[in-house]
Amino acid sequence: MAPAAPPLALLALVTLLTPGLGVALPGCNYPAHLWCSSREIAVACQAESRCTNLSAPPAAPVELSLFYESLCPACREFLVKQLFPTRLLLSNEALNITLVPYGNAEERNVSGKWEFQCQHGPDECLGNMIETCLMHEAKDFNTYFPIIFCMESGSSVTKNLAASLFHPHFPRQCLQIYAPELDGDRIAACVQGPVGTALMHRNAQLTQALDPPHQYVPWILINGKHTDELQAQAEDSLLGLICRLYQGEKPKACGGSGAPKAQARCRR
């Protein structure tokens, strides 16, 4: 036996309570009382503007890519004084960060093996490699970024972590403080082995693919784009820039920011 059709009075009531929702549209196969039950249904029935119970979809985070080298003074200053504090103040939803430690280095293939020459010497190559292997092993940005901050904010980048990795009798300072669960031996094996070399070659390729090509470091991309204006704004007040660009509900931290001027960049 077929179900009874809903009384005309009920249909009229639905129409009155939801004006404009009384007629189904092409692609809308749902009764009017369900049109606001989910965002997908509301979109199909073109009823989004009337469904006040549905929150707006989350805004995409601002994407920031930092191309840098571990011993460049300007890179260290930007990372320590701008990037790290900004990341502490803003959530994952507002800011997504990609780090590419390579900078003004050069690579060459010697008998089938990649070798790297860095602007500030072998210690910088070691620092780049350690940070790259750290990211590879830790996977999670919230785990490895404080360690990289610890390395870059100290008096010696490589000694801050390298000593703890390669000389077990030294305290594992940065790892102990920020991520004692990470295996320092695995990071050391990456640094000294083919995995680290392959990861550094990938960083070289990413850096060489920049368009426009980088002329200095730190080289900053905002939402995949680099301009002199965006670079200057990021170096002057990264928090202010991200707050202006983020399209979602503004975090409490977006009340204004100031920061010291950046050092001269490390040109090629």
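Student: Which elements do the buried residues of H9 pack against?

Tutor: Bear in mind that this is a predicted model. The buried residues of H9 pack against strands E1, E2, E3 (106-110) and E4 (113-117), and against helices H4 (122-138) and H8 (184-192). The buried residues of H9 are Gly196, Thr197, Leu199, Met200, His201, Asn203, Ala204 and Thr207.

Student: How do you know that the length of H9 agrees with its residue count?

Tutor: H9 covers residues 194-208, which is 15 residues.

Student: What makes E3 and E4 a pair?

Tutor: Pairing needs at least two bridges. E3 and E4 have five, in the antiparallel sense. Glu107 stands opposite Phe116 in E4. The two strands form a hairpin with two residues between them. Ser111, in the turn, has a positive phi of about 55 degrees.

Student: Why is the contact between Arg108 and Glu115 called a salt bridge?

Tutor: The cut-off is 4 Å between a side-chain nitrogen of Lys or Arg and a carboxyl oxygen of Asp or Glu. The closest N and O atoms of Arg108 and Glu115 are 3.9 Å apart, so the pair qualifies.

Student: Arg108 and Glu115: how exposed is each?

Tutor: Exposed means over 50% relative accessible area, and buried means under 20%. Arg108 is at 56%, so Arg108 counts as exposed. Glu115 is at 34%, so Glu115 counts as partly exposed.

Student: How many salt bridges are there by this rule?

Tutor: The count is five. One of them joins Arg39 and Glu48, with the closest N and O atoms 3.5 Å apart. Arg39, at 25% relative accessibility, is partly exposed. Glu48 is partly exposed too, at 42%.

Student: What do Glu235 and Arg265 form?

Tutor: Their side chains meet in a salt bridge, at 3.0 Å from N to O. This pair links distant parts of the chain, 30 residues apart. Glu235 is in helix H10, and Arg265 is in the loop between H10 and strand E7 (266-267).

Student: Why is Glu235 called buried?

Tutor: The limit for buried is under 20%. Glu235 has 10% relative accessibility, so Glu235 counts as buried. Arg265 is at 27% and therefore counts as partly exposed.

Student: Now the open sheet. In what order do its strands come?

Tutor: The order is E2-E1-E6, three strands with mixed pairing.

Student: What makes E2 and E6 the edge strands?

Tutor: E2 (95-101) and E6 (219-222) each pair on one side only. Neighbouring strands of this sheet are turned by 15 degrees against each other on average, direction ignored.

Student: How do you know that E1 and E6 pair?

Tutor: At least two bridges are required. E1 (residues 62-68) and E6 have four, in the antiparallel sense. Leu64 stands opposite Ile222 in E6.

Student: Which helices lie across the strands of this sheet?

Tutor: Helix H5 (residues 141-153) lies across E1 and E2, at about 55 degrees to E2. Helix H10 (residues 228-245) lies across E1, E2 and E6, at about 30 degrees to E6.

Student: Why is Leu64 called buried?

Tutor: Leu64 lies in strand E1. Its relative accessibility is 0%, so Leu64 counts as buried. Beyond its neighbours within four places in sequence, Leu64 is in contact with residues including Leu83, Ile97, Ile220 and Leu238. The C-alpha atoms of Leu64 and Ile220 are separated by 7.1 Å, although the two are 156 residues apart along the chain.

Student: Which residues touch the most other members of the largest nonpolar core?

Tutor: They are Leu64, Leu66, Leu83, Leu99 and Tyr144, out of 58 residues. H5 supplies the largest share of this core, eight residues. Apart from this core lies another, of eight residues, among them Cys28, Ala42, Cys45 and Cys51.

Student: What does Tyr144 contact?

Tutor: Leaving aside neighbours within four places in sequence, Tyr144 is in contact with Leu99, Leu134, Met135, Ala138 and Lys139.

Definitions and conventions
Residues are numbered from 1 along each chain as its sequence is written. This is a predicted model: local features need pLDDT of at least 70, side-chain atom pairs count only at pLDDT 80 or more; totals for chains, interfaces and linings use all residues. Side-chain values use heavy atoms; hydrogens and water are left out. Axes are lines fitted to C-alpha atoms, for helices over the stretch in contact, and angles run from 0 to 180 degrees between N-to-C directions. Contact means heavy atoms within 4.5 Å. The expected span of a helix is 1.5 Å times one less than its number of residues. Buried means under 20% relative accessible area, exposed over 50%, partly exposed in between (1.4 Å probe, protein chains only). A nonpolar core is a set of buried Ala, Val, Leu, Ile, Met, Phe, Trp, Tyr and Cys residues joined through side-chain atoms within 4.5 Å.
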